[in-house]
Amino acid sequence: MSELTPPVAKRVHSERVHHGDVFVDEYAWLGDKSDAEVISYLDGQNAFVDAQTADLAELRESIFGEIKARTKETDMGLATRSEGYWYFARTTEGHAYPRFCRCPISGDDDWTPPEVSADKPLPGEQVYFDMDAEAQGHEFFSAGAVAVSHDGRRLAYSVDLEGDERYTLRVRDLDTGEDLPGAVAGTAGSATWSKDGRFLFYLTVDESWRPDKVWRHEVGAGTDDVLVFHETDEHFWVGVGATASDAYLMIGADSKVTSEVYVLSADDPTGEFVSVAGRTPGVEYSVDHAVIDGDDYFVIVHNGDDGDGGRSIEYAVDIAPVDDIAARRTLVPHDQSRRIEDVECFRDYLVLSYRSGAVPRLAVADLRAVDGIPTVDDFHEIVFDQELSAPALGSNPEWTTPRLRLVYSSFVDPVEALDLNVATGERTLLRRQTVLGDYDPSEYVATRDWAIADDGTRVPVSLVRRRDLADGPAPVLLVGYGAYEMSMDPGFSIPRLSLLDRGVVLAYAHVRGGGELGRKWYENGKLQHKQNTFTDYIAVARHLIDSGRTSPERLVADGGSAGGLLMGAVMNMAPELFAGVLAAVPFVDALTSMLDPELPLTVTEWDEWGDPFHDPDVYAYMKQYSPYENVAPRAYPAVLALASFNDTRVLYTEAAKWVAALQAATTSDRPILLKTEMSAGHGGVTGRYKQWAEIAFEHSWILRASGAV
């Protein structure tokens with residue numbers, strides 16, 4: 001191999017036989033990460049990437065410098081009140097990770113967060129977790145749990161040093177700074193304290209990386225941990241937490257289409273968890289706790305019975321006495337025009353998070369009883385000026401708070417944190433994200449457009465650009481995802497400015513399979529409707545070209561993980577539309593993965609993609625679009641595929657096999673690149689400076705591929 005040619009992967013005949021179909025997978029051998037030849041191949045591909053992008057070094061350095069220059073490196077986090085303390089983070093110039101700090105509140109009526117100075121500590125300030133110090137000496141460092149006990153005396157924290165999302169859980173005495181004996185290895189990362197501080201509840205995973213067990217650990221006792229819950233159905237993942245009131249501990253068991261919630265009084269941590277509303281196939285629900293006129297209720301968000309013999313497809317909210325779930329009644333009815341996503345209960349009010357008009361929204365209502373029947377007054381939507389914005393609840397750990405912490409974000413406005421006085425409606429701006437330099441939001445504009453899919457469906461597109469951008473075809477980065485009902489909502493990004501200021505238009509294709517337009521939008525882009533995701537994205541690309549906003553020589557596609565599947569599919573279906581494709585940890589060998597129940601995630605993912613292992617029709621449908629199987633001699637665009645060697649969600653093998661096939665098949669001279677991080681997981685590198693360097697690398701490639709430089 002010369003530096004101008006990639007290593008050529010050997011071809012080894014290997015057959016995958018299923019439902020009578022034979023697929024010859026010549027690159028299956030790349031799945032053995034213990035094979036020295038595999039490591040050599042990945043190293044060779046990385047060397048090829050270095051050679052192919054060497055001419056971008058100066059541009060990368062410039063972009064890294066721009067990100068650094070616009071970022072306030074020494075930045076004090078906004079304090080959040082919780083159980084007698086103000087909690088905040090200090091991020092310091094030259095340090096890759098923050099330090100987590102706290103100081104005592106001044107009294108029960110102290111609801112105004114203190115101004116944190118970079119120069120001196122607050123009265124009584126304590127650094128309770130120095131993430132930067134903990135990360136020293138480690139190539140990779142990720143913190144899972146960072147949870148202080150309710151009495152403030154102990155810290156539960158977990159760390160992953162490999163990127164494989166297996167965390168070691170420890171407990172630290174915050175008075176002495178010493179770790180207590182009894183570290184727990186191999187946890188899933190999260191941890192929940194009992195109210196009395198004696199016990200920790202944590203998760204472990206099975207051989208397929210599915211969180212399936214909840215354990216109770218008695219801190220400092222030296223006794224064996226107690227298994228309190230085991231989910232044996234491989235379709236379900238388990239989580240553990242507490243209600244906002246901290247009155248109940250909760251265990252959630254969730255598949256892609258069904259859920260069940262178990263609760264236990266926080267005053268009885270060694271008791272038995274009991275199911276709130278059972279488990280009904282196809283019904284999802286979540287639970288919070290409310291107190292109305294001294295009586296305890298469960299508030300249930302669900303997509304079950306709508307009360308009229310139908311289903312609450314876009315979800316409704318019920319309420320029931322905690323000791324009589326059969327007496328549940330509707331609190332917020334199902335409405336086809338909005339997708340209810342969550343309800344968070346506080347002592348005197350509740351907050352409804354929902355989605356309407358392809359953007360997220362928030363509304364607040366008082367909780368009260370009328371003639372002994374729980375009810376809510378009319379919801380008051382929290383409205384912001386920017387149409388394409390994403391209001392969200394901030395951190396609100398105090399159930400009794402009279403002020404609601406909100407976070408506001410848009411494509412052009414730096415992120416704002418606000419306090420809403422729920423009683424008066426008055427808003428107080430607490431903090432606006434600092435953008436150093438001469439950034440002026442008015443110089444940028446975000447607009448909504450609509451493309452028409454093959455079946456006539458209108459597909460929303462968000463466009464972000466400089467206001468002074470000249471008319472005519474411009475370089476465009478078209479971002480897509482389209483899975484798991486996840487939405488690409490408006491959000492501000494400092495690194496993104498380096499693209500916008502070089503004339504790139506950022507476009508976000510809100511394709512089916514995402515959640516932007518509700519549950520039906522999601523359902524029409526999954527399982528046997530998955531092809532809609534790909535054709536929607538292609539329709540958006542053609543819309544941008546036909547409307548004169550860009551041209552195929554200037555259009556770059558971008559998607560990661562499940563969005564990487566989207567990238568691989570549209571490259572096969574319409575390679576002529578794109579100059580380049582950026583695919584991060586791409587799920588491009590989807591059919592092979594879904595045929596192996598032993599792999600992480602596979603069985604739980606059958607509800608998203610279908611079960612090709614047992615169902616020949618699903619197998620045939622997935623084979624039509626699975627990117628790896630459909631690589632063929634075509635004039636493919638330039639490709640930058642990013643993989644992580646220790647990724648447990650999308651194995652590095654998928655990108656490695658896909659790129660090997662693309663390099664062998666492409667009839668164009670545009671380079672197909674594979675960059676593998678050898679000490680990282682699904683989220684890539686850790687530490688902000690490494691992350692900035694990686695962004696600069698990707699952005700420089702995008703700028704070249706789109707013709708912007």
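Guide: The second largest cavity has a volume of about 120 Å³. This is a predicted model, in which local features need pLDDT of at least 70, side-chain atom pairs count only at pLDDT 80 or more, and totals for chains, interfaces and linings use all residues. Residues are numbered from 1 along each chain as its sequence is written, and side-chain values use heavy atoms, with hydrogens and water left out.

First, the terms. Rolling a probe the size of a water molecule over the atoms shows where empty space is left. The grid has a 1 Å spacing and covers the protein atoms alone. A cavity is a set of points where a 1.4 Å probe fits but cannot get out. A pocket is an open set with protein on both sides within 12 Å along at least five of seven lines. Lining residues have an atom within 4 Å of a point. Points are joined across faces, edges and corners, and a volume is the space filled by probe spheres set on them.

By this rule there are 3 cavities of 30 Å³ or more. The second largest cavity is lined by Thr80, Arg81, Trp86, Trp111, Ser395, Asn396, Pro397, Glu398, Thr401, Arg403, Arg405 and Asp419. Strand 4 (80-82) and strand 29 (403-408) are the elements that give two or more residues to this lining. Strands here are DSSP runs of E, at least two residues long; helices are runs of H or I, at least four; both are numbered from the N terminus. By class, the lining has 3 nonpolar, 4 polar and 5 charged residues. Nonpolar covers Ala, Val, Leu, Ile, Met, Phe, Trp, Tyr, Cys and Pro; charged covers Asp, Glu, Lys and Arg; the others, Gly among them, are polar.

Now the open space. The largest pocket has a volume of about 290 Å³. It is lined by 17 residues, and Met76, Glu115, Val116, Leu430 and Arg431 are the closest to its centre. Strand 3 (75-76) and strand 31 (427-432) each supply at least two lining residues. Strand 31 gives the most, with 3 residues. The class count for this pocket is 8 nonpolar, 4 polar and 5 charged.

Strand 31 leads on to Glu443. Glu443 sits in the loop between strand 31 and strand 32 (444-452). Its relative accessible area is 33%, so Glu443 is partly exposed. The scale is simple: buried means under 20%, exposed over 50%, partly exposed in between, with a 1.4 Å probe and protein chains only. Leaving aside neighbours within four places in sequence, Glu443 is in contact with Arg465, Arg466 and Arg467. Contact means heavy atoms within 4.5 Å.

Next, two backbone points. Tyr484 has a phi near 60 degrees, a positive value in a residue other than glycine. Glu485 also has a positive phi, of about 60 degrees, and is not a glycine. Tyr484 lies in the loop between strand 34 (476-480) and helix 4 (497-500). Glu485 is placed in the loop between strand 34 and helix 4. Tyr484 is partly exposed, at 25% relative accessible area. Glu485 has 14% relative accessibility, so it counts as buried.

Asn532 belongs to helix 6 (residues 531-546). With a relative accessible area of 18%, Asn532 is buried. Beyond neighbours within four places in sequence, Asn532 is in contact with Asp455, Arg512 and Asn524.

Last, a helix pair. The axes of helix 1 (residues 36-52) and helix 11 (residues 652-665) come within 12 Å and cross at roughly 65 degrees. Helix 1 contributes Val38, Tyr41, Leu42, Gln45 and Phe48 to the contact, and helix 11 contributes Tyr652, Ala656, Val659, Ala660 and Gln663. By class, this contact has 8 nonpolar, 2 polar and no charged residues. Axes are lines fitted to C-alpha atoms, for helices over the stretch in contact, and angles run from 0 to 180 degrees between N-to-C directions.
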